[in-house]
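Have the structure open while you read.

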Amino acid sequence: MKNKKVLTIIFGMLYYLILGVLSFLTFGLNVFDGVINLFSKGLFIICIIIIPILFIFLPLIFNKCLKKEWHKAFLYSFIANVTYVIIILPFIRFGITGYMKSFSVNKWDNYHNLRYLMVDDLDRNYKLIGKKTDSVKKLLGKPDGSFDSNKSMCYFVKSKWIDSYYYCLEYNENNVITGSFKTYRD
């Protein structure tokens, strides 16, 4: 009986210590990376705030609802927490990344900070080089600026901590796209 009590206290302390560390790391990585946050504020709140808060009560749920002993409840809760952080969250993140890698006007217009994921598909499948600037503006919208030359149009694709990342298209005197480049700016 005494051994189970000591085991329960040890498992409880370890669980909440590890839960705190995993929650901090999960929150920090998602704020730093931003894919879930930039895709959907609601999904971010659910995945990064609400579910970790629910993990606080998971041992109580296992103990009361499933009639598990406390030390087993902490162990099962730990397994659920690690599974969530190692398998489910990356699956959500990579699912969003995979979805955002294909260009569409709707995604380009609505997910400005995730545009960087679409640039390769845009270059590969939309063959902008050789097109007139007017047709590119119809596809991508009004440019956000011009850098490195007067004959370029640049589109904001991602914000970094200090700099912003832009996808730029160079054009000639006939307003025909001749090349593209990516640049960071303040």
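Which residues line the largest cavity?

## The cavity

The lining of the largest cavity is made up of Leu19, Leu22, Ser23, Thr26, Pro52, Phe55, Asn81, Tyr84, Val85 and Leu89. Cavities here are sets of points on a 1 Å grid over the protein atoms alone where a 1.4 Å probe fits but cannot get out, and lining residues have an atom within 4 Å of a point. The elements giving two or more residues to this lining are α1 (2-33), α3 (41-65) and α4 (70-100); helices are DSSP runs (H or I, at least four residues), numbered from the N terminus.

By class, the lining has seven nonpolar, three polar and no charged residues (Ala, Val, Leu, Ile, Met, Phe, Trp, Tyr, Cys and Pro are nonpolar; Asp, Glu, Lys and Arg are charged; the others, Gly among them, are polar).

## Where the model comes from

This is a predicted model, in which local features need pLDDT of at least 70, side-chain atom pairs count only at pLDDT 80 or more, and totals for chains, interfaces and linings use all residues. Numbering runs from 1 along each chain as its sequence is written, and side-chain values use heavy atoms, with hydrogens and water left out.

## α1 against α4

α1 and α4 pack at about 15 degrees with axes 8 Å apart (axes are lines fitted to C-alpha atoms, for helices over the stretch in contact, and angles run from 0 to 180 degrees between N-to-C directions). So the two, α1 and α4, are roughly parallel, a label for angles under 35 degrees, while over 145 counts as roughly antiparallel.

Contact means heavy atoms within 4.5 Å. Among the residues making it are Leu7, Phe11 and Leu19 of α1 and Phe74, Asn81 and Val85 of α4. The classes come out as 14 nonpolar, six polar and three charged residues.

## α3 against its neighbours

For α3 and α4, the angle is about 165 degrees and the axes are 8 Å apart, so α3 and α4 are roughly antiparallel. Residues meeting here include Ile51 and Phe55 in α3 and Ala80 and Tyr84 in α4. This contact splits into 18 nonpolar, three polar and no charged residues.

α1 and α3 pack at about 180 degrees with axes 11 Å apart, which makes α1 roughly antiparallel to α3. Among the residues that meet are Leu19, Ser23 and Thr26 in α1 and Pro52 and Phe55 in α3.

Methods. 1 Å grid on protein atoms, 1.4 Å probe; cavity = no way out; pocket = protein on both sides within 12 Å on 5 of 7 lines; lining within 4 Å. Parallel < 35°, antiparallel > 145°, perpendicular 65-115°, else oblique.
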